[in-house]
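Here are my notes for your read-through, written as numbered points. Please keep the model open beside them as you go.

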Amino acid sequence: MKIKGLLVMLIMLMVTSACSGNNGGSLPVGGESGGTDKPQAQAGNKKTVVIAVQGSNPFLEAAAEQFEQEHDDIDIEIKSYMAMPEASGGGMSAAISQADIEKYVQTVTTQIMAGKGSDLILMENLPLSKLVEKKVLVNLYDWMEKDSSFARSDYYENVFKAAQDGDGLYALPIAVNIDVIQGRADLLEKAGIEIDEGTWTWEQFKAISKKAKEQIGQEYYAFINVFPLNLLISYMEDNYAELVQPNGKVNFDSDLFREMMRQIKSMYDENVLQAEFTYDYDKAIFSQMTLSSPEETMRLMSADKYQFFKGPTSKGKSSGIPYRSWVNLGLNSKSKVQQEAWAFLKFLLSEQIQQSPALSGFPVNKKIAEKRLDDAAAKLASGQLEHAFDAVEPAAAKKKAEEVKKLLEHTGAKLSLDFKVQSIAIEEFNAYMSGQKSAEEVSKLIQNRVTTYLNE
């Protein structure tokens, strides 16, 4: 479980302090398709696959070691782009900072645009659509279709579809974290509130929260420790395909975005939310939650007082349950070792690696995801699931596992933002929330800055 509010508080502090393509033809045989900034062939015809990452990644490091044991003709080199040197001598690595993210985005984007760079690239925070438009990433569906040993039906194809750019898959999610709203069922029942999670909007969320406060007490809030920037990012993620369209059209100077800003401000002005940190978690009617593993999800579902909802949207409809990719990898179209890189990607999706304790999130391998849910349900029913809230009968535990399986089958809205676009929006939005600029002024500033960035 991850509480989004606390994560975005870090973004607030960082920002404040800082004031479809393929190879153009048939698939390569043996990976002979171009050059990188590092010779890949080694003595004895041994090949090296270089992976660009932001910082230390224990999951990839462990998987690489296992892969090399099974493929003695391939080396996996993981190349980190940290602004500050990582700690050595077994100490804890420093947290990834805004400077680290900026360095990674700038360096890796520049390299790949120049026809260089690593063979595999961790795509978090990178401008995916921009890279696809420049044809510097490989459509991974081509490799899936070419490989007779790979069956897409073994995986959550709805997750792959949601990760597409156009009709192609250019960034492969190895696991997913599911975003939901966790509601206090006991408080909602006391307030006489029922929620239609399939159609509710942010405006209805505000009205529901105000009604709940009237019934259960003004000391309660819709969310706690959720600040204006949290909601801005949530709104932008839900509507990013419309704000920055695949054809390159930017839509921040619009009624859609201005209404988002006004809705956010009104929730704080009308005391539905408070922009203050508190440890009094029991005063939250709802929580923005990221379900980060089958086991943690079953633990949360053991509590009778909690209920999961699909989050509200601006228009009352969405393409499915939203998720965030975990270890999302793209393949450089100029790599000389595409065949070997694909072999490693396929290895990451294998049952062997998808059940790794180091994997965070829900496996995209359906068999492993379902097995882990069934195992967690069995532990819940037998009282062996650590930190479970309430005792659950076997039939009820099994039913809860089936509910989560259906949740995974209906996961279909990938949440992601171009880091630079997010940073621009946050910087300008602060002026609106403080009353220094109007919604019209801010939306035009964001429009111009994002347009300039995307045209660079």
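1. A word on exposure to begin with: a residue is buried under 20% relative accessible area, exposed over 50%, and partly exposed in between, using a 1.4 Å probe and protein chains only. By that scale Glu157 is partly exposed, at 36%, and Arg152 is partly exposed too, at 27%. Please bear in mind that this is a predicted model, where local features need pLDDT of at least 70 and side-chain atom pairs count only at pLDDT 80 or more, while totals for chains, interfaces and linings use all residues. Residues are numbered from 1 along each chain as its sequence is written, and side-chain values use heavy atoms, with hydrogens and water left out.

2. Arg152 and Glu157 are also salt-bridge partners, with their closest N and O atoms 3.5 Å apart. The rule here asks for a side-chain nitrogen of Lys or Arg within 4 Å of a carboxyl oxygen of Asp or Glu, and it gives 26 salt bridges. One network of such bridges links Glu203, Lys206, Lys210 and Glu270.

3. Two other bridges deserve a look for what they connect. Lys46 pairs with Asp75 at 3.4 Å between the closest N and O atoms, joining the loop between α1 (4–17) and β2 (47–53) to strand β3 (residues 74–80), 29 residues apart. Helices (H or I, at least four residues) and strands (E, at least two) are DSSP runs, numbered from the N terminus. Lys46 has a relative accessible area of 25% and so is partly exposed; Asp75, at 21%, is partly exposed as well.

4. In the other bridge, Lys346 meets Asp147 at 2.7 Å, N to O. The partners lie 199 residues apart, Lys346 in helix α12 and Asp147 in the loop between α5 (140–146) and α6 (157–162). Lys346 counts as partly exposed because its relative accessibility is 25%, whereas Asp147 counts as buried because its value is 15%.

5. Which parts of the chain does the pair of Phe67 and Phe344 link? Phe67 belongs to helix α2 (residues 58–70) and Phe344 to helix α12 (residues 338–348), 277 residues apart. Their rings are edge-to-face, 5.2 Å centre to centre with 80 degrees between the planes. Rings of Phe, Tyr and Trp (its six-membered ring) pair if their centres lie within 6.5 Å; planes under 30 degrees apart are stacked, over 60 edge-to-face and the rest tilted. Phe67 is buried, at 0% relative accessibility, and Phe344 is buried, also at 0%.

6. The count of aromatic pairs comes to 19. Ring pairs also tie Trp200, Trp202, Phe205, Phe223, Tyr235, Phe286 and Phe309 into a cluster.

7. Phe344 returns in the largest nonpolar core, which has 82 residues; Phe344 is among those that touch the most other members, along with Phe59, Leu60, Leu137, Leu172, Met298 and Leu348. A nonpolar core is a set of buried Ala, Val, Leu, Ile, Met, Phe, Trp, Tyr and Cys residues joined through side-chain atoms within 4.5 Å. A second, separate core of 51 residues includes Ala191, Ile195, Val272 and Ile285.

8. Finally, is Phe257 buried or exposed? Phe257 is buried, with a relative accessible area of 0%, and sits in helix α10 (residues 255–269). Leaving aside neighbours within four places in sequence, its contacts (heavy atoms within 4.5 Å) are Leu232, Met236, Leu243, Asn251, Phe252, Ser443 and Ile446.
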